[in-house]
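Subject: Structure for your files

Hello,

Here is the structure I said I would pass on.

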Amino acid sequence: SKRIAIFNHKGGVGKTTLTANIACALATRGKRVLLVDADPQCNLTSYFVEDSVVDDLLDKSDGADGKTLWSAVKPLIDSDGQLHAIAPYELNHQNVFLLPGDIRLSEFEEDLSDAWTDCFKRKQRGFKITGALSALVDRAVEHKQIDYVFYDSGPNIGPLNRSILLDCDYFIVPVACDLFSLRALKTLGHALVRWVKDWKTISMLAPDGVDLLRGMPIFIGYIPQQFRVYRGEPTRTSKQAMPGLERDINSEVVARLREVDAVLAPGKTGALKLGQVKEFPHATEAQRQGVPMWEVDKGSKEQLSQAREVFLEIADAIIDKG
């Protein structure tokens with residue numbers, strides 16, 4: 001399976017909605033997709049699962065029969081025990097599965113910070129905790145014969161997102177067409193480079209027999225989204241912002257990654273846009289119904305058809321990347 005994070009530490013760029021819809025588009029293409037809700041806000045879980053079920057999952061996550069990501073990692077944190085296997089949640093959309101999130105992942109993040117230090121000290125427990133989500137995903141992938149894994153992450157550059165990115169084969173950057181997204185790209189590139197360099201050092205220090213994260217997340221593209229259109233074209237403000245996005249993607253992400261290893265940012269400069277997603281008026285309704293944007297029972301046929309085409313094109317671009 002290929003592991004992918006749609007990652008930007010800036011909030012409000014639509015990571016969760018993008019992840020949900022790309023996953024469903026890949027499933028429409030016959031791929032089996034596992035969603036990992038590693039955001040303590042549980043937005044991806046809430047997208048697909050009814051509120052009453054989400055509440056039940058969170059209320060019981062501390063117990064022996066818990067079914068969230070926190071339930072899985074809790075034994076490691078409490079007593080240095082074994083990872084608790086949880087079964088992927090089977091969603092209504094065929095070929096899409098979910099490992100539910102939990103607000104208590106914020107506690108796990110605190111332990112991940114200490115675990116990172118322990119990895120530098122060559123302590124086994126540090127590697128075990130740092131790779132906990134990866135090990136959990138390994139089991140789910142084998143159990144459900146998954147083709148693609150998508151991590152959903154919170155809007156930060158903390159220890160949890162670090163372990164997620166370092167476990168991924170690929171990552172995609174969603175961007176909004178505004179000045180704040182341009183500024184955020186600089187921090188994003190700097191953080192990614194630091195994580196990759198640190199993990200290379202840790203990997204060389206690692207004692208024999210420990211499981212290591214992949215440590216080489218390859219940048220396969222970016223997706224401008226949530227921009228307004230007028231008469232079928234992006235508005236003037238959005239058009240003006242797009243060249244700046246591509247320029248800064250190349251200078252702040254691609255160039256920085258290539259300084260570490262050219263493998264991390266392959267492909268031709270200027271050909272990194274995987275697609276673009278305009279502002280669809282029925283996006284909120286899709287979230288409320290827990291379905292991809294082209295399956296809502298409201299909205300014009302034209303808008304639904306456009307949404308389906310946009311996300312299938314992105315899915316096909318991801319498949320073509322390998």
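Predicted model: local features only at pLDDT ≥ 70, side-chain atom pairs only at ≥ 80, totals over all residues.

Helix pair α5 and α8

Helix α5 spans residues 105-120 and helix α8 spans residues 159-167. Their axes lie 8 Å apart, and the packing angle is about 75°. Angles of 65 to 115 degrees count as roughly perpendicular, so α5 and α8 are roughly perpendicular to each other. On the α5 side the contact is formed by L105, F108, E109, L112, S113 and W116. From α8 come P159, L160, N161, R162, S163 and L166. Sorted by class, the residues of this contact are seven nonpolar, three polar and two charged.

Helix pair α4 and α7

Helix α4 (residues 69-79) packs against helix α7 (residues 132-144) at an angle of about 125°, with 10 Å between the axes. That angle makes α4 oblique to α7. The crossing of α4 past α7 is right-handed. L69, A72, V73 and L76 of α4 meet A132, L133 and L136 of α7. The contact of α4 with α7 has seven nonpolar residues, with no polar and no charged ones.

Loop residue N92

N92 sits in the loop that joins β3 (89-90) to β4 (96-99). Its relative accessible area is 83%, so N92 is exposed. N92 is also 20 residues from L112 in sequence, and the C-alpha to C-alpha distance between N92 and L112 is 33 Å. L112 is one of the α5 residues in the contact with α8.

Regards

Key
Residues numbered from 1 in each chain as written. Heavy atoms only, no water. Axes fitted to C-alpha atoms, helices over the stretch in contact; angles between N-to-C directions. Helix = DSSP H or I, 4+ residues; strand = E, 2+ residues; numbered from the N terminus. Parallel < 35°, antiparallel > 145°, perpendicular 65-115°, else oblique. Contact = heavy atoms within 4.5 Å. Nonpolar A, V, L, I, M, F, W, Y, C, P; charged D, E, K, R; others polar. Left-handed = near helix turned anticlockwise from the far one by under 90°. Buried < 20%, exposed > 50% of the residue type's maximum accessible area, 1.4 Å probe, protein only.
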